[in-house]
Amino acid sequence: MVRIGVLLVILYPSWINAEEKKVLNGLQVHGFLSQGYIKTTDTKNDVFGDSSSGKGSFDFREIGVNASHRPITNLQFSMQLLSRQAGESSKGGIRIDYGFLDYTAITSETKELGVRLGRTKNPLGFYNDTRDVPFTRPSILLPQSIYFDRTRNLGMASDGVQIYGESRNDWGDITAQFGVVFPQVDNKNTEAAIFQKSQPGELTPRLSYIGRIIYERDGGRFRFGISGAQVNAGYDPAEKGDKLSAGSLEFIPLIFSLQYNAERWSFTSEYALRHIDMKNFHNPVLDRSFTGESYYFQGIYRFNPQWEAVVRYDAYYADRKDRDGDEWNAFTNELNNFKGGRPAHSRFAKDLTLGLRWNITPSIMLRAEYHRVNGTGWLSTLDNPNSTFTDQHWNLFAAQASYRF
Amino acid sequence: MAVRFTDYLCCLFLLLLLIGVTPATSGTLDSDSVEVVVHPSVPVRNLSRNSLRAIFGMRLRAWQDGSPIRVFVLPDEAPLHNLFAKEKLNIFPYQLRSAWDRLIFSGTGQAPFLVNSEEEIRTRVASTPGAIGYLKRVNIDDTIQILHIE
């Protein structure tokens, strides 16, 4: 025992030195871990597992680990592995969340221009880049009208080239990113969100474009952003028994973001238009072109560094020309030979959220929140396969414990 | 449809107006004032507030001569960190934290070096080429160099 102790004392300083060298060499490792709980009440609607059952659902976990290495000042390698369990749509496998090489070609005290090669997070709105990291979110569930969890894989990250630039001036900082990429569409989650259910054929990624400009004043007191994308995908029908033909999908989201940060208050609002154009599937429910609309207003109040409260109103409309979903109901009813259409309330969702956050230490956080929701617009079709069995008015209670390093 | 968008903008405007009238807090302290310090080899003596923000925001990574900048900070809840953020950067500590987290968890940047005491900031800044940190004026000796913020 004593020998080991002595050995440790001798080794300790050199180990510390090695550690320090490594740190200064620019290798960093960070990560996070969370366990959530969701209970939906007075309803059959399920969110992240069997949340409407008596005891609620613990089927919500997020684990992520990332490493970054900066061997020289203008070159960085980064990768994050993510495992997410959230009901039927995320089943907990390990995936590469991002992995890329970042080279800053031009850099000065006030300007920067560079390129990223590989899988990068999609720069959309204020929260998409770090959407799975509980500490960076304003609430347990992000405003679902814009950051829907049911098409998350399509929106999360993509593979290709991203150019970025930054300009810092007395009148503010501008950060811009533009990417030419292939979206991640080859998964059940995206299929279910686009086709309402899993299909025998496969979605295939096509060349897509994505970009964001953020203007920040007074070191981020005021932040304003515009982001947009043109996401393209095709459909490869299965050789046998596929009712769909080789159609194509074009998804054009446009998001305006605004934030004001005071010492105790932060106010955030985002407004999004989503144009969806689907054609050549030879299916009247799918071959449509429409524009959806979403927005939220969110206030955060910090009582002290440990406690904060959030209140938010979040609205989603699948089709801005059919806000109450009546036309959709009538249209699907007609297709069903008037034996009943899909519910009108599946075309919108208005969510009032109240939440509390407790930072027990800078690396341990507890959260709880309540959602009063009118509509099922962003409810997962994988967790709720039959839309006629969903309820228009429902409540959701969520709690989450998170750790970071 | 245009009406809806105007409604949205009106709501937004009202809320912003509301925020605008909340009194701003200023936390200037004359005693124990905080200073930005660098390793003596750093080839800079004056820096604009913008550049200082970019450095502590982990977005400006090299000094003018191309050598890497190494940023040392105290924990988020340390009173001196709070004072430094407000007085020298003119932002709030939670804003720095979210800016760092956006970089760390999207792979587009790295975190500053976290140390636990002012004494540790002093020794690490004094011994690390390219280092930058902050200290109370009373704790500054000639092993490190004060950086003037314009």
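With which side chain does the side chain of N66(A) make a polar contact? The side chain of Q80(A) is the partner, at 2.9 Å; a polar contact is a pair of N or O atoms within 3.5 Å, where within protein one must be able to donate a hydrogen and the other to accept it, and residues adjacent in sequence count only if both atoms are side-chain atoms.

## Basis of the model

This is a predicted model, in which local features need pLDDT of at least 70 and side-chain atom pairs count only at pLDDT 80 or more, while totals for chains, interfaces and linings use all residues. Residues are numbered from 1 along each chain as its sequence is written, chains are lettered from A and ligands numbered from 1 in the order in which they are written, and side-chain values use heavy atoms, with hydrogens and water left out.

## Confidence in chain A

Helices (H or I, at least four residues) and strands (E, at least two) are DSSP runs, numbered from the N terminus.

Residues 1-19 of chain A have pLDDT below 50, and this stretch has zero contacts in the model beyond near neighbours in sequence. Contact means heavy atoms within 4.5 Å. Where pLDDT is low, the predicted coordinates should not be read in detail.

N66(A) lies in strand 2 (residues 57-72) of chain A. N66(A) counts as buried because its relative accessibility is 3%; buried means under 20% relative accessible area, exposed over 50%, and partly exposed in between (1.4 Å probe, protein chains only). Leaving aside neighbours within four places in sequence, the contacts of N66(A) include Q28(A), H30(A) and Y98(A), along with I104(B) and F105(B) of the other chain.

## Interface of chains A and B

In chain B, 46 residues are in contact with 60 residues of chain A. The two chains bury about 4,600 Å² between them, 54% of it on carbon and sulfur atoms. Buried area is the accessible area (1.4 Å probe) that two parts lose on being put together, summed over both. On the chain B side, R59(B), F105(B) and Q110(B) lose the most area to chain A, together 17% of what that side buries.

## Fold of chain B

Chain B has five helices and six strands, in the order α-β-β-α-β-α-α-β-α-β-β from the N terminus. Of its 150 residues, 51% count as buried.

Conventions:
pLDDT is the predictor's confidence in each residue, from 0 to 100.
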